[in-house]
Structures are given as C-alpha cells and as structure tokens.
Amino acid sequence: MIDSTGNTVSTGLNVNSIRADFPILQRKIHGQNLVYLDNAATTQKPNQVIKSLTDYYEQTNANVHRGVHTLSIEATDGYELARSKVADFINAPRSEEIIWTRNTSESLNLVAATWAENNVVAGDNIVITAMEHHSNIVPWQQLAFKKGAELRYFAHNSDGIIDLEHAMTVIDERTKILSVTHMSNVLGTVNPISELAGRAHDVGAVIMVDAAQSVPHMPVDVQDLDADFLAFSAHKMLGPTGIGVLWGKVSLLEDMPPYMFGGDMILEVTYEDANWNDLPYKFEAGTPNIADAFGTGAAVDYLSRLGMKNVWRHEQDLTAYAMERILSLDTVKILGPKDPSMRGGVISFIHDSIHPHDLGTALDQQGIAIRTGHHCAMPLVRSYDVVAAARASFYIYNTKSEVDALVNGISETEGYFNR
Amino acid sequence: MTGGMSGLDQMDDLYEVIILDHYRSPRNTSAVENPDIDLEVNNPFCGDEVRIQMKIDRNIVSHVGITGRGCAISQASASLLAELVEGKSSDQVHGAVDSVRRLLKGENITDQEADTLGDIEALQGVRKFPVRIKCALLSWVGLDDALKDHIAGVKS
C-alpha cells in the first residue's frame, strides 16, 4: 500500500506524519518521551481539531438558531454541518437523528430516562452484558428499581467472548430493551451486535449500543448493525471533551418525551403550556456546546481522511504485536480474547507480583501513560478475582516501538521491585 | 526510547527500603480470635483492600491483625500501622493517625511525634506522589474511625 506521501506502509496509516499533527506527543514526562497508551480513556487532539476551536472562537462565535446576523448564521451552519458529518460517519439515514449530548453517559441516560421510562413496566426486563461500563449498568439498574423491572445479564466465557446461545435465552418476550457495548473497554471484545439486534427485534425489543470504544476505532454503520440507539463521545476520537452523540431511529425519537426543558427545545410556549420543537432540537435544551460541535466535525474529517478501515487495521496490527510482546513476559496475564482478531486495541493485564497501581507509577516515571484500576467496570474486573488491572490502549499515533517501550518499562519495573 | 533504570531513581522516595520490606513481609497478619473490631476498608479506585481486626481491652488495643491486597503503599502502610497500634490507647492511636495525616500533607511534626512514628516516617516520600496519598492513609483512617466508634459504643 502506498500512502499520500509515496511511502510504502503496511497498515495504510503514515504514523510519522500523523504524529506530527499532535503537539502533545512532543511533551517530556519526567524527562522521558511521552508514550501515551491511555486512549480508551481519552485520545489526544491533532492541530486540526485544536485549530477548529480557536478558529470558531476567533471568527465565528455566536449563539445558534436565534439571530439573523451573519455570525449567528455562520455558527448555526457550522453546528449543523458538524451534525451531518457525524451522521455520514456512522451512516445514519438522517441528520436529525443525531442528538448532541455531553458524552456517552448522557446519551445512555437520555434513553433510559425517556424511551425506557415510557416503555418499561413492572415485570418487563432490561438485558445487558456482564462486561458493561458503569454508565451502561447504573442507569438501567435505577430504572429497574423504579419500575419493578428486572435487569438481566448474559454471560461471556473466560476469554471474554459473549455466549450467544445464553443471550438468546435471556432475551425473551418480556424484554423491552437490550443495551450492549460494541467493544469492551476492559477486555477489548468486539460484540456481535447485529445478531443480538435480530433477536431483540424478534421479541419486539429495541437495542441500544454503547459505541464509545468502537466508533473511534473501526467503521461503524448503524444500519448494518441494525441498531435502534447508539451512543459515543467525541473526546475518545480526537475531538474535544464535553460533547457526545446519541443516534436514534427517527421513529423512536419522535415518540420520546424531552429529556430536559428550556430554550431551543420548544416550538411555542404560553403561560399555560408548551409544545416541543422538531428533532433533534427537542433533545437539545439551552445553548448547546457549539464550539465543541465544530471540533467534533474536525475530528470526523481527520478520521475520514485516514479511513476507518485503515485505522482499524493499524490497531489490529499493533494489538497483535503488543499481545505477543506482553505475553513474552511470563509474569503477565492478559484479560479478554486470546485471538487478537476478535478484539480491539485495548489490552488489560495483570502482573503476578506487581500491583497495577505500583506499575502505573513506575511506568509514569518512564514517561509511559497507562490506566490502572477498575476501569469503571467493577463487577467485570472483580469477576476475574482481581481488584484492579493495568490497561494499555492504542490509537492512530501509536507505534510498535512504543509497545516495546511498554514491555521494556514493565521489565524495568520488575527489576526495581525485585532488587 | 525510555531511560531505563535512571527513570526509576525518583521512585526511591516513594518506595523506601522500609516500605518495600513491610510490603514483602507484612507484620501482624494472623487472624484475631473473637475480635472486638472487624472491618474491611477499601479504595475501589485503586483496588486496595485491607481487613483490620482488633481486640480492645479497656481502651487499649491489645491485639491487632491486618491483612489485605493492594499496592505496595497501601499494604506496607497497613503493616506499619499494625506494628504501631498494639498496646496503644485509642487516644494515642488517634494522635498517631493525626500525625501521619499531617506528615502526608507536608506539614511539620514535632520531634516527639516523630519518635512515636518511628519507621512510619518513611511514608513521607508519598508526599511527592499526591495521587498515592490515599493509598497510604486508607488503613489509618479506617482504623481510627472504627476505634472511635467502638469506644463510643462501649461508653453508651
């Protein structure tokens, strides 16, 4: 494969030129080159995204959907253009199906508090996997308590692969909603969404997809997945913090009550009553996060230019290499699928003698940023009979030599603690 | 790409020899029979867990057993605590916990307090690693609260 600069590259990404777009990668941490391997928590931002924010504030800043003046019109156009870029990115049939939220958590909460609030009754059940992030457990737990509904989990095997047969029996005619992570933020497992969607639809349920870890890393097509709702955050895909996306089928969104009340979400207000604006504004009360919508549009442009197939291939390549290298240390166990082709670029691991927190501090001293702890998935981490794990997660700017630095860093840490 | 061992030199402040010794060979780990206080404290963010059992004899900690799993700092700190509290009154324990809190905040402690703490002063290196202070304080705060509650319960 030949990239745009004429270099032959194995994975379709020219990582050197990508790295040059990220100012933070020049930083030294404790005098060492930064090796940033905490991408599942948040990714770094390229100049193009940073510049879109400063450009917006320097050239365009105004409130949207209100004014007749030039700046307001330009701000509104840019805000809506970003929405349509996001719609194209996930192949949403219609731009008004894209609702801006603060993050994935808010998108999940929105559906729990509106669609599920209206549709789940006592005796119904809500089904999730046993590998969900807290933000895809707790809203459903609370709803189930409130409604007298049952929260059901379906199992995965010790490699973190979903037991599809079990899932098919857990989902039954009393299931109203199935909410499933597309890719586990702990195990890296990529779940079979369209199979689960088929079963959900057969019993008259809807399926919500937590795509926080998938949309940034692989081609995602909401129509191929046959999903009903899908949630993700901009900051995990090169974009700014504080903005996220809920996609939903227009037929479902239209029947849902608003999540918040205020400006922009109403059509007409009298002293006695109010009626709701059209989609997507019904769900966007108050002045929205305009600048970060511009930034999200820039992030989508950046990823689209690279091509999500290339992004995915790069991460698959890096993950396979990292698993092999990490397992070459006999002291480390990796959670999740053993087959790198069944997982994304998230590798949670446990050292047989060094606690993740000590390892995290020691790697930080060597400039290497990893995540340690329960990864906002306490029930899952505990199911492996550990209280915490270390996690390295990759993105478009990571290299094999950074994987080598991680493995070397772990060896150095062993040397330190085994003095 | 990385600097190897040179990058880890600064960790010596955090992982003093005494700390690593207590981490590898924790003291007072045997279970206490019929404990007056039996509690588990944990710091779910880091994944540190400590179980503290104590016999209390007229306001004096007569026997203590501490076990757990977690990072070197939380476990060594718990072991140092176990060594300190045996034979101490609840007021003395409370005073020592206060000294440790101030030590970790970077405040000065008196020579007398330093004498009482002994090896525990090794924990002061944790100050340079603020995110690890909660690991060091986990067992101290838990034990202090439990002891105060117990004494209050006996009195009432």
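Analyst: A residue is called buried if 20 or more other C-beta atoms lie within 10 Å of its own, exposed if 12 or fewer, and partly exposed in between, with C-beta atoms placed from the backbone. Please keep in mind that this is a predicted model: local features need pLDDT of at least 70, side-chain atom pairs count only at pLDDT 80 or more, and totals for chains, interfaces and linings use all residues. Residues are numbered from 1 along each chain as its sequence is written, while chains are lettered from A and ligands numbered from 1 in the order in which they are written.

User: Thanks! Which residues of helix α1 of chain B are buried?

Analyst: Helices (H or I, at least four residues) and strands (E, at least two) are DSSP runs, numbered from the N terminus. Helix α1 of chain B covers residues 17-24. Its buried residues are I19(B), H22(B) and Y23(B).

User: What arc do they cover around the axis of α1(B)?

Analyst: The arc is that of the directions from the helix axis to the C-beta atoms. The residues concerned are I19(B), H22(B) and Y23(B). They lie on the same side of α1(B) because their arc is only 105°.

User: And what do the buried residues of α1(B) pack against?

Analyst: Two residues are in contact if their C-beta atoms, placed from the backbone, lie within 7 Å. The partner of the buried residues of α1(B) is in chain B, at residues 72-85. That element is α2 of chain B.

User: Which residues does R27(B) touch, not counting residues up to four places away in sequence?

Analyst: R27(B) sits in the loop between α1 and β1 (37-43) of chain B. It counts as partly exposed because it has 17 C-beta neighbours inside 10 Å. Along the chain, T67(B) is 40 residues away, yet the two C-alpha atoms are separated by 9.1 Å. With that sequence limit applied, R27(B) touches H22(B), S79(B), A82(B) and E83(B).

User: How far apart in space are E86(B) and V61(B), C-alpha to C-alpha?

Analyst: The loop between α2 and α3 (90-105) of chain B holds E86(B), which is partly exposed because 15 C-beta neighbours fall inside 10 Å. Leaving aside neighbours within four places in sequence, its contacts are V61(B), H63(B) and V64(B). E86(B) and V61(B) are 25 residues apart in sequence, but the C-alpha to C-alpha separation is 5.4 Å.

User: How many residues of strand β9 of chain A are buried?

Analyst: F229(A), A231(A) and S233(A) point one way from β9(A), whereas L230(A) and F232(A) point the other way. Residues on both sides are buried. For the strand, at residues 229-233, the count is five of five.

User: Which residue of β10(A) stands opposite L230(A)?

Analyst: Two strands pair if DSSP finds at least two bridges between them. β9(A) is parallel to β8 (206-210) of chain A over three bridges, with D210(A) opposite A231(A). β9(A) also runs antiparallel to β10 (244-248) of chain A, joined by five bridges. In β10(A), L230(A) faces W247(A).

User: How many residues lie between β11(A) and β12(A) in their hairpin?

Analyst: β11 (266-269) and β12 (274-276) of chain A pair antiparallel over three bridges. One bridge joins I266(A) to W276(A). The number of residues between the two strands of the hairpin is four.

User: How far apart are the C-alpha centres of the two domains of chain A?

Analyst: The domain bounds come from an automatic or database domain assignment, which gives domain 1 (15-39 + 307-417) and domain 2 (50-305) of chain A. Their contact takes 23 residues from domain 1 and 21 residues from domain 2. The C-alpha centres lie apart by 28 Å.

User: Finally, which element gives the largest share of the side of chain A that touches chain B?

Analyst: The contact takes 27 residues from chain A and 22 residues from chain B. On the chain A side, β2 (32-33), α12 (356-365) and α14 (400-417) give two or more residues. The largest share, eight residues, comes from α14(A).
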